[in-house]
Each structure stands twice: as C-alpha cells, then as structure tokens.
Amino acid sequence: MKRMFSVFLLITVWLLVTPFLQAQSHVDKVLKDEITSDLKENILSFWERYSVDSSGGFYGSLGRDGAPIADAPKGGVLNARILWTFSTAYRMYGDTAYRKLADRAQRYFIDHFIDSQYGGVYWLIKADGTPLDTNKQTYGCSYAIYGLSEHFRATGNNESLQKAIELYRTMESRIKDPVNDGYIESFTREWGVPQKLGYDGDGVATKTMNTHIHVLEAYTALYKVWKDNGLRERLTKVIDLIITKLYNPQTHHLILYCDSNWNNLDDIDSYGHDIETSWLLTEAAEALGDPEVIGRCRKVALELADASLKEGINPMGAMMYERHKDKIRKDASWWCQAETVVGCINAWQLTGEQSYLDSAVRTWNFIKSRMIDKEYGEWFRTVLEDGTPRYKEPKASMWNCPYHNSRMGFEIDTRLK
C-alpha cells in the first residue's frame, strides 16, 4: 500500500512539475536562439563587413552606418577586444572567416601595440600604425593578455601564448604594487608615474575597480591555457583583493576609486560593473577549482547581482549606468545590458531562482526593442531615459567594440546548450 502511495505521489508531482519545466525550457531555448542569431547575423557580421582596414589592422572608428573614419587613431583596448572576439568566435563555431580575422588581429596587435623596447602595451597608435600615446595603462595590458590567451586557446598559436605570458610577467614586475598589492593604474612608456591618473575627483586614484576586474578576467583566461603555479597564486590573490578591498559588504556594491592604501575616494555605484563582476568572480573561482574560493565568490556574486537588480533598473526595464552621490545616470548603455543578461543567467544557474531568468529575459527584450540598430546593424551605444537612442554615436571607437555584446552571445550559447 505504501509503495502504491509513493508511486501515486511521484506521478502527481511529475504531472504538476512537467508543464512548468517544459515552459521554462521553452524560455531558455527562445532566449538562446534569439541571442545567438543576433550574435552571428548582426554583431559579428557588422564587424566582418565594416571594420577591416585595407591598409592594415582595423579602423579606429566607424560611424553608425559602418562608414570608416580613416584617419582615426586606433586604440589598444579596441584591437585587443577584436582579437578576443574573433578568436572566441572561431573556437566556438569553427568558421574560417572568423579565424582569418582573429589571425589578422593577432598579427597587427603584436606588431603595432606591444612595446618591444620597454614592454607593455601602447594606449593609442595613429591610423598608419605608428605610436601616438605610448603611456602604459594597466587596463590595456590586461586586455592584451585576455585577447592573446584566447587566440592561443582557439588556434594553438604559441606566439600568442608567449606574448601573453610576457605581458603577465611585466604586470607582476612593473605594475603590481610591491607594498600594498594590487595593480597601479597607469605609467609612462618607460614605467615612470604619469602626472595624471585619469580621475577627476579629490585625491589620486592609483587603483581602480575597473582595472582590477579586467586583470581578473585576463588572468582567468591565461590560467585556462597555462596552469602556472605563480599565476594561480596571483589569480587567487586578485579574487581576494576584489572581495576584501573593492567590495563593500554593507552596500553590496564595488568601490570604484582608491588611493595606494585602498582608501575609497568617492561615493559611486556602477550597476553594470557590479553585475559584470558577479559572473567574472564565479568564472575565475571555477577556473581555479578550489571549493572554498568558489563558495566565497558565489556568495559575493549573488549579493552584487541582487543589489544591481534592486537599485539599477530604470522604468524601461534596462540597467542604468551609475549612481554618483545623489545623482543617478538613468540612460542605458549597451555594455550594461549585455553584462546584465549574463549576470542574471549566472545567478539563475547558481540558485535555480526563476526571478533571475525573468530578469535576463526582460533585459533581452529591452535590447531587442530599443538597442539593436535594425537599420544599419550592431547595437546603439546608448539609449536615453525616454527610450531614444543616441543616433550619432559611433559604432566603433576606442571604447566601442564587439566585446560586451558578443561575449553575451558566446556565454548564453554556451550556458544554455
């Protein structure tokens, strides 16, 4: 009798749960299919069609319609992100056209952006490939490691791995703070301290959240292809620094600007960076495979995601840019939306809570309706509070690139298989 009752109970639960699981599975599939289609047919195809500079490398700036600004300087961050994007596209999809662009980006970056005399990466070069701004931004060096590591992972090109390792060693010998740890923001070409470190507030911001989260992703990418014990120690330390120095456990937000002693210099919450960091921390911990670190990072990741979703969503359902003291930037930036989708899916996979999946779908619906440029392709960079895109913003520039939104596509395609 008890056995019959147990069977009856199991059948009842199955009948109740199955429609819910089927509906959820349908949502997953639609989200995956739509985002992957946009990745391949809109984002990657735009950059394939318009970004290649026949005189070498890739254009430094493209208008909304893809028209190149031929004399625009070429940024190290933009080119490293192009390298990462097409390397990942080739690794995932095996299209030889992606391999060709990845190899083109690798060759141009090594030949023109890496400083063969002093080490590190130039910030800007001229349209003809000669140096323009030779300062060494830690942010740019991190992206170089990120792109070159992914190129090796995708193609097996050993030169890319060796250059990534060289840059990692330069980071550790030149950029790491030997007293208080962490990574100093910027240097002159010869590794002197520049007069200005790029912060408009009071004090000198020698260490920033933005740079450290991209050191995190760079070291994670390198560790995936180079299991060096020293790198493992440093990746573990970077995770610890973000959690103990740059994360505020009271507000559940990250601290943006610090001095050399890790003192907070301003009152800013950057919602997009918070939710981006939530899944980057999880990825880094899982690459290390240490259960204690994984548990620690998952806790902080969910707190970051929850705070961003609670405080950062505007009436249109988009992730706002930031809060600075009593002022909130309510416009929606393209990269914040892309990182929100990934961060929500990551939180959903960690917890199984439907609300995170719903938030990912809501953000994607905003992207579909407001952010994708259906006339010329790719995405608008900014959508204002009233829902109007900034039509005149370039599609490519030193900061505008095929990285955040393509990475969203790669992550969703991988996570929802």
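**Exercise 1. Classify histidine 26 by its accessibility.**

Solution. Histidine 26 counts as exposed, because its relative accessibility is 52% and exposed means over 50% relative accessible area, buried under 20%, and partly exposed in between (1.4 Å probe, protein chains only). Helices (H or I, at least four residues) and strands (E, at least two) are DSSP runs, numbered from the N terminus. Finally, histidine 26 and proline 402 are 376 residues apart in sequence, and their C-alpha atoms are 28 Å apart in space.

The model is predicted: local features need pLDDT of at least 70, side-chain atom pairs count only at pLDDT 80 or more, and totals for chains, interfaces and linings use all residues. Residues are numbered from 1 along each chain as its sequence is written, and side-chain values use heavy atoms, with hydrogens and water left out.

**Exercise 2. Describe the chain as a whole.**

Solution. Begin with the secondary structure, which comes to 12 helices and 14 strands. The radius of gyration is 22 Å, close to the 22 Å that the globule rule gives for 417 residues, so the chain is as compact as a globular protein of that length. Here the radius is taken over C-alpha atoms, and the rule is 2.2 Å times the number of residues to the power 0.38. Along the principal axes, the C-alpha atoms fill a box of roughly 80 × 50 × 45 Å.

Turn next to burial and contacts. Of the 417 residues, 57% count as buried. Contact means heavy atoms within 4.5 Å. Among contacts between residues at least 6 apart in sequence, 67% join residues at least 24 apart.

Then consider the surface. The accessible surface comes to about 17800 Å², and 51% of it belongs to carbon and sulfur atoms. Accessible areas come from the Shrake-Rupley method with a 1.4 Å probe; for residues, only the protein chains shown count as cover.

**Exercise 3. Examine helix H5 and identify what covers its buried residues.**

Solution. Helix H5 (residues 158-175) has 18 residues and reaches 25 Å from its first C-alpha to its last, close to the 26 Å expected. Its buried residues include Leu161, Ile165, Tyr168 and Glu172. Their cover includes H3, helix H4 (138-155), strand E5 (186-187), helix H6 (209-225) and H7.

Arginine 234 lies in H7, residues 229-246. Arginine 234 is buried, because its relative accessible area is 11%. Not counting residues up to four places away in sequence, arginine 234 touches Tyr168, Glu172, Lys176, Asp181, Tyr183 and Tyr219.

**Exercise 4. Which values of phi do histidine 252 and tryptophan 262 take?**

Solution. Most residues other than glycine have a negative phi. Histidine 252 has a positive phi near 65°, and tryptophan 262 has a positive phi near 70°.

Now locate each residue. Histidine 252 is in the loop between strand E7 (247-248) and strand E8 (253-254). Tryptophan 262 is in the loop between strand E9 (257-258) and strand E10 (268-270).

Lastly, compare accessibility. Histidine 252 is partly exposed, with a relative accessible area of 26%, whereas tryptophan 262 is buried, at 9%.

Technical notes. The expected span of a helix is 1.5 Å times one less than its number of residues.
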